[in-house]
Amino acid sequence: MRKISRREFIKYAGLGVAALSLLGSVGRGGPVFSQGTVGALPKLRRAKETRSICAYCGCGCGLIVYSEDNRVVYVEGDPDHPINEGSMCPKGIALSDANTIVNWQHRRQLNPRRITKVLYRAPGSTCWEEKDWDWALKEIAKRIKATRDATFEEKDEKGVTVNRTQAIAHLGSASLDNEENYLIHKFLRSLGVINIDHHARL
Amino acid sequence: MTNHFIDYKNSDVVMVIGANPAENHPQAMKWILRGKAERGTKLIVVDPRFTKTAAHADIYAPIRPGTDIAFLLGIINYALEHNLYFHDYVVNYTNASFLVDPNFKFEDGLFSGATTKDGQFVYDPTTWQYQKDKDGKIKRDPTLQDPNCVFQVLKRFVSRYDIKTVCRVTGTPEDVYRQVCELYCSTGRPDKAGNIVYAMGITQHTYGSQNVRAVAILQLLLGNIGIAGGGINAQRGESNVQGSTDMAMLYHLLPGYLSCPDATRHPTLKDYLEKETPKTSFWSNTPKFLISQLKAWFGAKATPENEFCYQWLPKLDGKEHSHMAIFQSMAEGKIKGFFAWGQNPAVGGPAAEPTRKAMEKLDWLVVVDLFETETAAFWRRPGADPRKIKTEVFFLPAAFSYEKEGTVSNSGRWIQYRWKAVDPPGDAKSDLWIVDRLFKAVREEYRKGGRFPEPILNMVWDYDAPGSEEPDINKVALEINGYEVDTGKPLPGFAKLTNTGSTACGCWIYAGYWYPDPDLGVVAAKRRDRTDKTGLGLYPKWSFAWPANRRIVYNRCSCDPSGRPWDPARALVYWDGSKWVTFDVPDFGAKDLATGAEIPPEKSAQNPFIMVPEGVGRLFGAQYGPRAAALKDGPLPEHYEPIESPVRNLMSKQQNNPLAKIYQGEGAARGKPEKYPYILTTHRLVEHYQSGAVTRNSPWLTELMPEMFVGISPRLAAKLGIKPGDRVVVLTARGKVYGRASVLPTLQPLKVDGKEVEVVALPWHWGYQGMAPGDSANVVTALFGDPNTFIPEYKALLCDVRKA
Ligand code: SF4
């Protein structure tokens, strides 16, 4: 019998009946990206493989995201990753749900609960309105400026330079990347914000 | 974490206290089980609930929520009484031999220095200091006999925590507790490694910092820090909570754990550097870290003549601005604008209802998220009238982790890269794109004028990538990593930082993460090399572990003062007679930076803990200069009762931590045991993540775990006539939540000082949004916090339960 590599073994073992039936609904077409390692799984042959890290707990498990036509079709543990060695917990294995789900017609589609438009609720309104980014960024920038300028403290009561506003607060986030948090931190401090906190304290 | 997940397989004994890895960190649990299978690791689980982790335990020790200090001090007392501590380690690598001020006292539950300031209880820590000789050197007694030496002070202090007393407090059966003491103290030998794993069960108390101190003291006494298979391993709950902490998404910090300037202490850069820079320890480099950060932020504008633009940073006002304080200010109408950016405080924060109500006081709220979270929808939550809520709400749709690229840092400090798989759907954008555009939009407004526009107009913000919509992640990462100002070349590590303005570095501890690996041809964070020479699982070329790619911190402690490894089978570094042999990056001066000459072991044996000014581990948390202040509530951990407790404190007449932070308003209402007789604790489930913002929008996960439930013991259920699956209501002084009764023998009443005490357990993942809505456990939690960290006391409250 041909010797199966550990990595191949995990690939076979990792895909139970549920996963295979799920893959049965994967859409057609798209460029061929497969690196050849998923040869045994015809439905994933067309999929692009991308290495990522789980978005949930702090273990930092490695995963392979399979995508087709710019949509995630399947996620599995990265067998090369030294921490999880190919396995994942239920949360990790369900990561694809944040992008696509399988609907009642057994078709894979974008998770319909994802918000894909900028939304705005006016004061006292009972509903959201869809907006575009340019409008929202400009309007938010105006609010920031108005609040900041109305509450800015150059000096405290002792005459010490403080250059801050206490009227703006920020929470988040342990779910963002380092580079994102770093830029948000810079952004907030440039405004003079001192009310900053996030999950680390909860 | 001092160590990392794979290292759990190297432990002889793992004690899990205040964590449940089988549920909340399943891959961490795998490494504990690997150790059990391969080297016979023994597992102790200390938990009020018989958890999935406990199901694998060699010893399961039930404990009353909120009594970890008594539990841990009892083990410390056992180790000292039976001479089971690691003598050579304790003498050389801790402050055991240091002499403490003879006026230091502990009486009736209070340390010396108790006083009041502005009507508040505070400690004056003057007596919590070391004795010094006339040259200013700390006095020591290496024989550990002087009655004022730390060792003797500690010994006296913990002597009250004998097994009987501890078990009366904690409710742990005495025979089980004795076994825990014996087994865990067996790791106090050179060839044994004991590992303490904790999470929120330790930190979420009004004395959470002191809980952590108790863990640290025990680990130091047994010589378990700085060695493979040992350490203090705080398992962190989110994929990048380590990184977001490193990047200082916290009011009191700047990236890299630099203090945020405070007007009461740091009016000028000179004041800052004087107050924040200790003479010894690695923090003596603080000027290099801060000035390089100012260069990264303000570029050519930052010069020595203008304090490197130090005055452009906002300064704190000497007060606290943590989560609970922010919502209190918001409720008082002082906060007008609020960003909930990838966080859902309407479910995740304590006292959820007052939190939601506070947001009604805002002028504007910006939510950046994937789904319509409870925070985004607070204005149309059940019971609210949107027409009366004047807050403007902007919802900005964000990208999920695999719809963008960047790095995340796991609990073991590994900074790992995530490649992008797909574009975000519709108009959703990466958070990097959102903050980049938002900053530019604000800058545009300030080009037309406004108050103090200098920091906004001059902040270095140059991340455009030609031909791409997305900011260039390489440019951001390079700035974080640090570069030479003249050449723009990346820095290989923080050793190259200067205080002259010749280097720029956004976050000094990340220096090196974006430096190309010479062999692999990729930046360090992108490395995927599985080489593991030692078999210890260090994987030095897999990603990058801050600081300096060190996998196990304080690793000088893995060998004796002469550089011989305590345990050759677990050697991380050792002195071979003429040079250091290093399997991990040394956490000490191994080579002279200028000449490259080897530094013999005697030198580093003096200060194996390079981050504290004493250079040694702190059994006694003394008041000792910049960046080494004592905790506000004492130099040693003492047991107090949770703010809400069914019993009186057996250890002293001081019922609660006298410094516990109690906030204002209905969220801080305090329940009495007569009305709320059961202990309430909160926990998580493997199927959900945090406030459920993502996982309650996942069909798979909501199907697996669809509904809020209330865990009660079979005994309590029988007493109250509750059957499994019945709808029940949990009441506290703050409010009530409904859920289905989960009646399992995993919860059992505890015998506390002869009295039976029941524990009720609530998972906290639900809210009024998502595919599977349910009541939020945080509706009944409280605004009580730790005085040092302001972390809420989620884990030990009081409640009543009734059939609904
Ligand atoms: S797969 Fe599970 S154990 Fe691994 S990081 Fe994700 S949530 Fe944690």
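Tutor: Ser173(A) lies in the loop of chain A between strand S9 (161-171) and helix H5 (178-191). Please keep in mind that this model is predicted.

Student: What is the peptide bond from Gly172(A) to Ser173(A), cis or trans, and how do you know?

Tutor: The omega of this bond is near -10 degrees, and the bond is cis. Most peptide bonds are trans.

Student: What makes Phe452(B) worth a remark?

Tutor: Its phi is positive, about 35 degrees, although Phe452(B) is not a glycine. Most residues other than glycine have a negative phi. Phe452(B) sits in the loop between helix H16 (431-447) and helix H17 (454-458) of chain B.

Student: Why is the meeting of Glu85(A) and Lys30(B) called a salt bridge?

Tutor: The N to O distance between these side chains is 3.1 Å. The limit for a Lys nitrogen and a Glu carboxyl oxygen is 4 Å, so the pair qualifies. Between chain A and chain B the count is 11 salt bridges. The largest share of the side of chain A that touches chain B comes from helix H4 (residues 133-151) of chain A, with 15 residues.

Student: How do you know that strand S6 of chain A and strand S14 of chain B pair?

Tutor: There are 3 bridges between S6 (residues 118-121) of chain A and S14 (residues 392-397) of chain B. Pairing requires at least two bridges, so these strands pair. They run antiparallel, and Leu119(A) stands opposite Phe395(B) in S14(B).

Student: How much area do chain A and chain B bury between them?

Tutor: They bury about 12600 Å², of which 61% is on carbon and sulfur atoms. On the side of chain A, the residues that lose the most area to chain B are Trp133(A), Arg201(A) and Leu202(A), together 7% of what that side buries.

Student: What makes the site of the ligand shared between chains?

Tutor: The site is shared because residues from chains A and B surround the ligand. Among them are Cys54(A), Tyr56(A) and Lys91(A), along with Pro26(B) and Gln27(B). By class, the shell divides into 8 nonpolar, 3 polar and 1 charged residues.

How values were computed: Residues numbered from 1 in each chain as written. Chains lettered and ligands numbered in written order. Predicted model: local features only at pLDDT ≥ 70, side-chain atom pairs only at ≥ 80, totals over all residues. Heavy atoms only, no water. Buried area = accessible area lost by both parts, 1.4 Å probe. Helix = DSSP H or I, 4+ residues; strand = E, 2+ residues; numbered from the N terminus. Near = heavy atom within 4 Å. Nonpolar A, V, L, I, M, F, W, Y, C, P; charged D, E, K, R; others polar.
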